[in-house]
Amino acid sequence: MTGRPKTVIAIYPGSFDPITNGHLDVIERGSRLFDRLIVSILGNDEKEPLFSVEERMEMLREVLARYSNVEVDHFEGLLVDYAAARGATVLLRGIRAISDYEKELQMALMNRRLRPEIETLFLMAGEAYSFISSRLVKEVIGLGGNIAGLVPPAVEARLRQRFNAAGVSGRTQSK
Ligand code: PNS
């Protein structure tokens, strides 16, 4: 690619199972950096998700409705191919701690090898969010702990519903 595109479109990919306040912090800051930010859920995830892609899309749409330049989507297959198809030139990722760095560096270098014209940009998680992960949030609520302030209220309500309906593991028959 030569020069700067007129409209800089970034993809913020992830599992978002579910979205946390840490993700939200990255999205809020990303929405100020790019003309358009597409928050996109990996559809063919090897990890067994708690929420279906449709449920995660619903939650993301609800929580992100106030950002006029943020769109919610999902993708299958190679992230860089999806990004190119969407006209994006940036992949946005958040880094919480040094433990995230190794995996993120590996993915960024692989993505660069596959499509050098697409840049990965990292935002450091705000210190208030650096310990939050979707996995831990699910573990804590599943064990009866308090997750207030870790996820948006609408997501907390969904998690309560899911864990109350399905018991300790949280997974329903439909998953
Ligand atoms: O929220 P996560 O689980 O850390 O997100 C990981 C994600 C979705 C960014 C990553 O698994 C991904 O990009 N998957 C798509 C498959 C792909 O492109 N793989 C090769 C390059 S690393």
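1. V8 is a buried residue, its relative accessible area being 10%, and the cut-off that matters here is that buried means under 20%. Please keep in mind throughout that this is a predicted model. V8 belongs to the segment before β1, and, once its neighbours within four places in sequence are set aside, its contacts are F34, D35, R36, T89 and V90. With F34 in particular, V8 has a C-alpha to C-alpha distance of 5.6 Å, although the two are 26 residues apart in sequence.

2. Leaving out residues up to four places away in sequence, S31 touches L37, Y67, N69 and V70.

3. For the chain as a whole, the model has six helices and five strands, and along the sequence these follow the pattern β-α-β-α-β-α-β-α-β-α-α. The radius of gyration of the protein chain is 16 Å, close to the 16 Å that the globule rule gives for 175 residues, so the chain is as compact as a globular protein of that length. Taken along the principal axes, the box filled by the C-alpha atoms is roughly 55 × 35 × 35 Å.

4. Of the 175 residues, 47% count as buried, and among contacts with a separation of 6 or more, 75% are between residues 24 or more positions apart. The accessible surface of the protein chain is about 9,700 Å², and carbon and sulfur atoms account for 53% of that area.

5. Where does the largest pocket have its centre, in terms of the closest residues? The space in this pocket is about 1,300 Å³, and of the 46 residues that line it, G14, S15, K47, R93 and K103 are the closest to the centre. By class, the lining is made up of 19 nonpolar, 13 polar and 14 charged residues.

6. Which elements supply the lining of the largest pocket? At least two residues each come from β1 (9-14), α1 (21-33), β4 (90-95), α4 (98-114), β5 (119-124) and α5 (134-142). The element that gives the most is α4, with nine residues.

Note on methods. Residues are numbered from 1 along each chain as its sequence is written. This is a predicted model: local features need pLDDT of at least 70, side-chain atom pairs count only at pLDDT 80 or more; totals for chains, interfaces and linings use all residues. Side-chain values use heavy atoms; hydrogens and water are left out. On a 1 Å grid over the protein atoms alone, a cavity is a set of points where a 1.4 Å probe fits but cannot get out, and a pocket is an open set with protein on both sides within 12 Å along at least five of seven lines; lining residues have an atom within 4 Å of a point. Grid points are joined across faces, edges and corners, and a volume is the space filled by probe spheres set on the points. Helices (H or I, at least four residues) and strands (E, at least two) are DSSP runs, numbered from the N terminus. Ala, Val, Leu, Ile, Met, Phe, Trp, Tyr, Cys and Pro count as nonpolar, Asp, Glu, Lys and Arg as charged, and the others, Gly among them, as polar. The radius of gyration is taken over C-alpha atoms; the globule rule is 2.2 Å times the number of residues to the power 0.38. Buried means under 20% relative accessible area, exposed over 50%, partly exposed in between (1.4 Å probe, protein chains only). Contact means heavy atoms within 4.5 Å. Accessible areas come from the Shrake-Rupley method with a 1.4 Å probe; for residues, only the protein chains shown count as cover.
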